[in-house]
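Thanks for coming, everyone. I have one structure to walk through today. Let me put it on the screen.

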Amino acid sequence: MFFPEGRVRVFLHGRPVDMRKSFTGLIALTQQSLAQDPLSGHLFVFVNRRGDYLKVLYWDRSGFCLWCKRLERGRFISDWRRRQDQELDVTGLRLLLEGIEPARRRLRYAREGEKRTAIW
């Protein structure tokens with residue numbers, strides 16, 4: 001089973017990726033699109049256009065590892081128009097791996113004069 005540590009940073013590539021890419025192609029995307037060092041030990045997540053196939057690239061001190069998952073039902077990413085490169089925490093990655101798309105929290109308040117409540 002794949003369980004990253006709590007201190008590891010996770011970067012999600014915000015555009016669909018051709019899943020025929022392997023180590024070399026994903027390393028290039030990490031450097032060019034995400035502007036990150038692939039040897040840093042962080043996790044780099046890439047998802048296909050349909051949103052049902054995911055690859056995680058990471059360096060484990062002796063070489064690159066590529067971890068893949070395909071959902072039988074559902075999608076990792078439901079709408080690419082709302083997606084951009086972002087950093088997730090480990091909990092966000094675990095939700096994504098379960099097929100639950102992590103939502104960004106948005107704080108909304110009631111109109112002026114009404115009782116102000118935060119809605120998550």
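What pLDDT does the protein average, and what share of the residues score at least 70? The average is 83, and 79% of the residues score at least 70. pLDDT is the predictor's confidence in each residue, from 0 to 100.

Some ground rules. This is a predicted model, numbered from 1 along each chain as its sequence is written, and side-chain values use heavy atoms, with hydrogens and water left out. Local features need pLDDT of at least 70, side-chain atom pairs count only at pLDDT 80 or more, and totals for chains, interfaces and linings use all residues.

One stretch to flag. Over residues 116-120, pLDDT stays under 50. The model has 13 contacts there beyond four places in sequence. Contact means heavy atoms within 4.5 Å.

Now the fold. The protein has two helices and five strands. Along the sequence the pattern reads β-α-β-β-β-β-α. Helices (H or I, at least four residues) and strands (E, at least two) are DSSP runs, numbered from the N terminus. Take contacts between residues at least 6 apart in sequence: 53% join residues at least 24 apart.

Next, the inside. Of the 120 residues, 38% count as buried. Buried means under 20% relative accessible area, exposed over 50%, partly exposed in between (1.4 Å probe, protein chains only).

The largest nonpolar core has 17 residues. A nonpolar core is a set of buried Ala, Val, Leu, Ile, Met, Phe, Trp, Tyr and Cys residues joined through side-chain atoms within 4.5 Å. Those with the most contacts inside this core include Leu 12, Val 45 and Leu 96. Strand 1 (10-12), strand 2 (43-47), strand 3 and helix 2 (90-97) each give two or more residues to this core. A second, separate core has ten residues, including Met 19, Leu 34, Phe 44 and Phe 46.

Which residues does Val 45 touch, not counting those up to four places away in sequence? Among them are Val 10, Leu 12, Leu 54, Leu 93 and Leu 96.

Thr 30 lies in helix 1 (residues 23-32). Is Thr 30 buried or exposed? Buried, because its relative accessible area is 0%. Thr 30 touches Phe 44, Phe 46 and Leu 57, among others beyond four places in sequence.

Arg 61 sits in the loop between strand 3 (53-59) and strand 4 (64-70). Arg 61 is exposed, because its relative accessible area is 78%. Its C-alpha atom is 9.5 Å from that of Ser 40, 21 residues apart along the chain.
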